[in-house]
Amino acid sequence: MASVFTELKTPITGAYQQPTGLFINNEFVEGVDKKTFEVINPSTEEVICSVHEANEKDVDIAVAAARKAFEGEWRKVTPGQRGRFMTNLAELVEKNVDLLAAVESLDNGKSITMAKGDVGAVAACIRYYGGWADKIEGSTVDIAPDMFHYIKKEPIGVCGQIIPWNFPLLMLAWKIGPALATGNTIVLKTAEQTPLSALVFAQFVKEAGFPPGVLNIISGFGKTAGAAISSHMDVDKVAFTGSTIVGRSIMKAAAASNLKKVTLELGGKSPNIVFDDADIEQAISWVNYGIYYNHGQCCCAGTRIYVQEGIYDKFVEAFKKRAQANKVGDPFHHETFQGPQVSQLQYDRIMGYIESGKEDGATIEVGGERHGDKGYFIQPTIFSNVTSEMKIMQEEIFGPVCAIAKFSTEEDVIKHGNDTIYGLAAAVHTQDVNRAIRVSNALRAGTVWVNCYNMLHHQLPFGGYKASGIGRELGREALNNYLETKSVAIRLGGALF
Ligand code: ADP
């Protein structure tokens with residue numbers, strides 16, 4: 001029998017046992033067809049290890065496990081106890097921060113400092129939702145004296161969750177937090193590029209106290225395992241984070257199968273607006289962080305930077321220096337800010353967008369080239385002389401590439417800011433509070449940051465207007481994505497009419 005663990009090493013933890021199996025019913029198992037796929041280190045382009053690959057048959061097994069748990073053991077667990085298991089899980093994540101962060105850096109390429117930040121946010125998110133578990137309440141409604149009506153909130157059932165590779169652990173936490181707190185069971189598929197950290201995390205699920213089948217985590221590809229989840233007749237809800245194109249196919253599959261509930265967190269092309277009166281040093285720091293954080297691999301990345309004409313030249317000069325000073329390199333160096341892109345495919349896509357910007361006549365202010373000669377590293381890149389029709393101004397690049405444009409009036413910049421099919425996030429930099437609120441109100445985006453960027457928090461809903469998605473993750477609001485509402489009408493005796 002092939003092993004479902006393998007020994008790996010990271011520069012900060014040394015040797016450790018990496019689970020490689022599918023995590024179903026609280027155990028690591030091989031796939032039915034015993035297939036595996038390779039996981040690549042994006043910093044070196046070398047194979048880290050192989051993991052077991054789930055196909056449609058494995059999805060069936062995982063869904064059956066989740067169904068059995070939903071109708072059996074998990075039903076017997078009180079909401080308070082559910083919350084306790086989640087708190088235990090959060091504590092186990094905190095205890096293992098070094099290992100989880102190191103595996104995340106190894107597999108995804110993000111800097112170790114940021115990976116540690118992600119793991120801290122994972123624990124906080126799971127703990128937060130654990131706190132909600134025993135606070136899900138219904139209500140009563142007075143309609144008639146001989147009747148008693150109440151409204152009850154119930155879990156939806158078996159939830160399929162499909163996550164991307166840019167924040168492998170954090171996206172997992174955002175998904176499982178509200179689903180577990182509300183009493184659902186889960187089959188979660190990680191992204192094929194980054195399965196490793198979630199498998200390390202899976203080891204803590206049993207230890208935290210969850211019964212078998214409540215949280216199943218599988219590795220596999222989108223077209224096979226992912227599609228099997230979204231079209232499965234026994235999955236009651238699918239939650240997805242990823243590209244808009246895949247989001248559409250998931251919604252179609254859900255509609256064509258059993259009309260399972262759907263929530264989607266998709267792409268973005270977020271405007272980052274700097275007015276003449278902004279604190280320019282601060283604005284440059286936040287604009288830099290807004291685009292280059294996580295190597296530009298954020299759905300909310302501030303890719304379209306609009307700077308008012310009075311400070312435009314000064315801003316561009318200072319921003320160029322700032323972008324060039326970002327440390328690009330080995331994610332395990334503590335000073336590294338930007339690691340490699342996640343895969344060859346992403347690297348090629350991003351370089352394709354850089355070429356398209358050049359062909360369309362935009363000017364490269366800095367970057368535009370590969371960084372080094374090994375690994376999927378790309379220089380922080382800034383385009384200027386852009387027009388709104390250019391591909392680099394309309395499409396999501398998902399890399400360290402931004403475009404900077406000049407504007408004159410508030411009215412103009414609101415129009416430009418909203419000139420996109422997306423509506424995930426936006427930012428405004430100004431010292432005028434009236435303008436900050438006016439512009440925030442006018443921008444059609446699910447999140448607006450004022451004088452900052454990427455300040456996400458598990459207590460605040462996050463999600464998109466327009467083609468950026470359906471529903472909201474995080475905060476109290478996300479709980480509703482995982483609840484059904486039942487109205488109960490009781491006749492208190494008396495005649496029929
Ligand atoms: P990217 O293009 O950046 O890799 P995707 O949206 O393709 O982002 O992938 C996000 C997640 O969606 C991954 O877990 C991937 O396996 C999954 N996925 C891709 N295609 C499909 C599909 N047709 N059905 C379901 N899931 C899919």
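**View 1. Gly-222 at the ligand in a predicted model.** A polar backbone atom of Gly-222 is 3.2 Å from an oxygen atom of the ligand. Such a polar contact is a pair of N or O atoms within 3.5 Å. The model is predicted: local features need pLDDT of at least 70, side-chain atom pairs count only at pLDDT 80 or more, and totals for chains, interfaces and linings use all residues. Numbering runs from 1 along each chain as its sequence is written, and side-chain values use heavy atoms, with hydrogens and water left out.

**View 2. Ile-163 and Trp-165 at the ligand.** Ile-163 places a backbone N or O atom 2.8 Å from a ligand oxygen atom. Trp-165 has a polar side-chain atom 3.0 Å from an oxygen atom of the ligand.

**View 3. Elements around the ligand.** Helix H8 (222-230), strand E12 (237-241), helix H9 (244-256) and helix H12 (344-359) each supply at least two shell residues. Helices (H or I, at least four residues) and strands (E, at least two) are DSSP runs, numbered from the N terminus.

**View 4. Helices H5 and H6.** The axes of H5 (residues 112-132) and H6 (residues 168-181) come within 8 Å and cross at roughly 5°. Axes are lines fitted to C-alpha atoms over the stretch in contact, with angles from 0 to 180 degrees between N-to-C directions. H5 and H6 are therefore roughly parallel (angles under 35 degrees).

Note on methods
Polar contact = N/O pair within 3.5 Å; in protein donor to acceptor, adjacent residues only side chain to side chain. Parallel < 35°, antiparallel > 145°, perpendicular 65-115°, else oblique.
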